[in-house]
Structures are given as C-alpha cells and as structure tokens.
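User: Could you walk me through this structure? I would like to begin with a single residue and then move on to how the parts pack.

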Amino acid sequence: MFKFYTIPSDDIIDKLVGEQATIKLSSAFNLNDPYELKFNLDLDPLAEGHEEQYYRNNPGSTFEDFKSWQKHTLEHDGYTWYIEQQLRNAVAQTIALCSFTEENKNNLMWSHYTNNHKGICIEYKPELFEYLKTLKGYVVFSKVNYSDEPPTIKALEDVNSKVRKVMFNKQSEWKYEKEYRIVFLSDKDTEFIPIHKKYIKSVYIGARVDKEIENKIFSVCRNTEIEVFYGITLGKSYEVHFQKHKDGTFYSKTFWK
C-alpha cells in the first residue's frame, strides 16, 4: 500500500520515516472532499420497529411522545435532513482515519497530494496493517466504494452497517484514487500513530522535490532496508515511472531550468 505526503519542511521526514516513524490520522472534518461521510436516510416513521427504537433512544418517553415524533417526522420534510446531519457529525466527531492507495503511478495523486510533485510517496509493507489492527481504538480497515449517488441508509439498519456505509463510500469522480482506509476511534483533528520503520518498504521522491528534502531522505534512509526511488516525469509517456537511487548518478526528473 502507498501513501502520498506533502512535505512543508525537512523535519517532517523524521516524523514519517525516522527512528520513530508515524502515520497520520485525520478527522473527517479535515479531509478535502466536502461530501465526506454523506448519505441519504430512508426514514419511514410508520414502519414496524420505530416505536421500540424510539424508546431505546429516549428512555422514559411515553406512547404520546412517540406519536408526536411520528407526526412531526411526517409533516416536516427537513427532519430527515436534520437526522442525516446529526448522524454524519456524530461519526465525524468520534473517528479519525488514514488513507492509502493501491498504486503510486497516478499523476493526479502526485499533483493533488504532494503539492505538485514536491512531496513524497511512501510504500508500506502488508505487515503494517496487521500491526495497526492490534492497537487500541482500531475500528476497521477496508476498501472505499465509489458510486454516482450517496449510499442509502435505512433508519432501522444495524448501526455497524450504517457506519461502514458512511465511512467507506465516495463519489465516482474519486475512483482514480483506489483508496483504502483504516479507521480509529478519536476525537482529535490530527493524530500521529508511532510505527516501527521496519514496516516501511520504499520512499518515492517527487519530480520537483527540493534538494534539502531529497538530502534529508537519503540521510534518514541510509543504512536501512528502505529503498529510495525517484519519480520521473520525463520520457515518452505521461505515466510517472521510477528509478532506484544510486550514489553518483544524475537523475533528470522534470523540466530543465
């Protein structure tokens, strides 16, 4: 699995691939898609099962309270939208996630997530995900589904099914990302989880990475099993291809200046 990173300064390299490497979790509120966690709620207040659920959610309520809720739901079109947003916010406030992708050759990914090829891409070994699943707060690791419309969730659907649909569905336009997500319970906007650098297989350097960032990568990865590659945007095709770093070799990665 691969993950793309913007590198605003060379100290971030230590945080990502240094002796105490980490992966970054982000709240859904910080993700770049404003439709993140969006869904459509199928709510029929007259359906069997709502009365029992109403009492579970509202202990001490009476039958008259339930009938009042039914009437309000039927008469106010905005109520379903309100419940959608309530659930969406509840999920967003209690989880943080980290996104990965199946491949690292997509030019759009390099452009969008590494500040126009000025960042890096890290390849992680499969063992990383087995380790993360053992940590406190781990919820789920899964592939993202893509669709033209938001998923439909039935009001009486199992809560685990609801949450999974909300967390692992995105608009079809994002399909090129081939995204996987690992989700943890968290109320923080950003959180870094320490990992052993043995889980890092390779570092891929963007075609426009500054020389000081490049040198920092070599310094941190030297005398380790982490391989370093250059992302090359020159050649006879539009595909980003890679060449393994070799001391003393000059790599022409992008435009001449």
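**Loops, helices and cores**

Analyst: Asn223 counts as exposed because its relative accessibility is 80% (buried is under 20% relative accessible area, exposed over 50%, partly exposed in between, with a 1.4 Å probe and protein chains only). The model is predicted: local features need pLDDT of at least 70, side-chain atom pairs count only at pLDDT 80 or more, and totals for chains, interfaces and linings use all residues. Residues are numbered from 1 along each chain as its sequence is written, and side-chain values use heavy atoms, leaving out hydrogens and water.

User: Where does Asn223 lie?

Analyst: Asn223 is in the loop between H8 and strand S13 (227-232); helices (H or I, at least four residues) and strands (E, at least two) are DSSP runs numbered from the N terminus. Its phi is near 65°, a positive value in a residue other than glycine.

User: And Lys178, what is its phi near?

Analyst: The phi of Lys178 is near 45°, also positive in a residue other than glycine. Lys178 counts as partly exposed because its relative accessibility is 32%.

User: New topic: which residues have the most contacts inside the largest nonpolar core?

Analyst: They are Ile23, Ile120, Ile122, Tyr124, Leu132 and Ile217, in a core of 35 residues. Such a core is a set of buried Ala, Val, Leu, Ile, Met, Phe, Trp, Tyr and Cys residues joined through side-chain atoms within 4.5 Å.

User: Which helix gives the most to this core?

Analyst: Helix H8 (residues 211-221) does, with five residues. Apart from this core lies another, of 23 residues, including Tyr54 and Phe66.
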